[in-house]
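Okay, hi everyone, thanks for having me.

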Amino acid sequence: MARVYNFSAGPATMPLPVLEEIQAELLDYKGSGMSVMEMSHRSKVFQQIADEAEADLRELMGIPDNYKVLFIQGGATLQFSMIPMNLMKNGVADYIVTGAWSKKAATEAKKFGKVNIVATSADKNFSYIPDCSDLPIDDDADYVYICENETIHGTTFQKLPNTKGKILVSDQSSMFLSKPCNVSDYGMIYGGVQKNIGPAGIVIAIIREDLIREDLPENTPVYMRYDTHANNGSMYNTPNCWAIYVCGKVFKYLKSIGGLSAMNELNEKKAKILYDFLDGSKMFNGTVEKEVRSLMNVPFVTGDAEKDAAVVAATKAAGFDNLKGHKSVGGLRASIYNAMPIEGVQALVDFLKKYEEENA
């Protein structure tokens, strides 16, 4: 079986043991006589799959009882609208813009109320995280919003912002389950699952119960209300059963390898291999300030667009896929999510070293 090292930012590589388990159950899930893709979401068999997935996620993250876990379709992008629609009581929110995704979220939120950009790193092409220790938080702000790990620009918050008592909402899509997380620090955490957890199609939202409102405007679309999903166990309509099933498999896999602390330790080792190479390279340069480098998404450049393209072509020919940087920033980007084996990162570094020697 020829599997490439897939450095895609999402949909991304999955743990091989999980894929093999899914393969074995594809036609007949545990004697049910059918695939999970075929079974009713109202069946006892699928209800058990969903219940176990939520229970395992709660155990992995240590999610307090006063937080709801919601599996919602539409990916993370739908949350750009759902969050202001549901959480803007005063019609005001403060956003920290540190890259493409927080910028998109802020732009969308402006359709529903007043948005204050209380900090941004746009002045240096989002290559750093601004100081968030003393922000001009609006007294009327309903929440403070961050994208905790920017997938495109490769930055991550090493310290959460001082929200001065306001609730913190965090898009954790590209760092979800990559390290331990103190859920109580947030009013809401959400993440599209197609990076670290499963197939594209759903977002997992972890939201404090007191933030789930029922006094929303009557014209709020029923699917865009958090209470709709909370009151119906994420099954108001037919959910993405397949994605929930796969996510559940990944949760069990993460538990089997020692949980999020063990995962974080491995992720730090993988990132160090790549960053150490970039720091010593004369051809390749990282694009992010060292203190805020992401463990998940590593953008780098040669400084010449034609050279960048040549390197991408060479890596693909050598069995490394999806290393082209996002179209908005160019260069190269290696997404080294949970399921990327350390051997894959080492093999990439070995290839880049050889390429540099041969093309110096």
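So, this is a predicted model, and here we have seven strands making an open sheet with mixed pairing. Reading across, the order goes β2-β10-β9-β8-β5-β3-β4. Which strands stand at the edges? Those are β2 (67-73) and β4 (114-120); each has a single partner strand, so one side of each is left without a neighbour in the sheet. On average, neighbouring strands here are turned by 20° against each other, ignoring direction.

Let's look at one pair. Strand β3, residues 92-97, runs parallel to β4, and six bridges join the two. Val97, for instance, sits opposite Thr120 in β4.

Now the helices on this sheet. Helix α2, residues 44-61, packs on it and touches β2 and β10, with its direction at about 125° to that of β2. Helix α3, residues 75-87, lies across β2, β3, β5, β8, β9 and β10, and runs at about 155° to β9.

There's another open sheet too, with three strands in the order β11-β12-β14 and antiparallel pairing. Its edge strands are β11 (285-286) and β14 (332-335). Four bridges join β12 to β14, and Val298 has Ala334 in β14 as its bridge partner.

For α1 (16-25) and α6 (241-256), the axes come within 10 Å and cross at roughly 130°, which makes α1 oblique to α6. The crossing is right-handed. Residues making the contact include Pro17 and Ile22 of α1, and Trp242 and Tyr245 of α6. Sorted by type, the contact residues are eight nonpolar, three charged and no polar.

Terms used
Residues are numbered from 1 along each chain as its sequence is written. This is a predicted model: local features need pLDDT of at least 70, side-chain atom pairs count only at pLDDT 80 or more; totals for chains, interfaces and linings use all residues. Side-chain values use heavy atoms; hydrogens and water are left out. Axes are lines fitted to C-alpha atoms, for helices over the stretch in contact, and angles run from 0 to 180 degrees between N-to-C directions. Angles under 35 degrees count as roughly parallel, over 145 as roughly antiparallel, 65 to 115 as roughly perpendicular and the rest as oblique. A crossing is left-handed if the near helix is turned anticlockwise from the far one by less than a right angle, and right-handed if clockwise. Contact means heavy atoms within 4.5 Å. Ala, Val, Leu, Ile, Met, Phe, Trp, Tyr, Cys and Pro count as nonpolar, Asp, Glu, Lys and Arg as charged, and the others, Gly among them, as polar. Two strands pair if DSSP finds at least two bridges between them.
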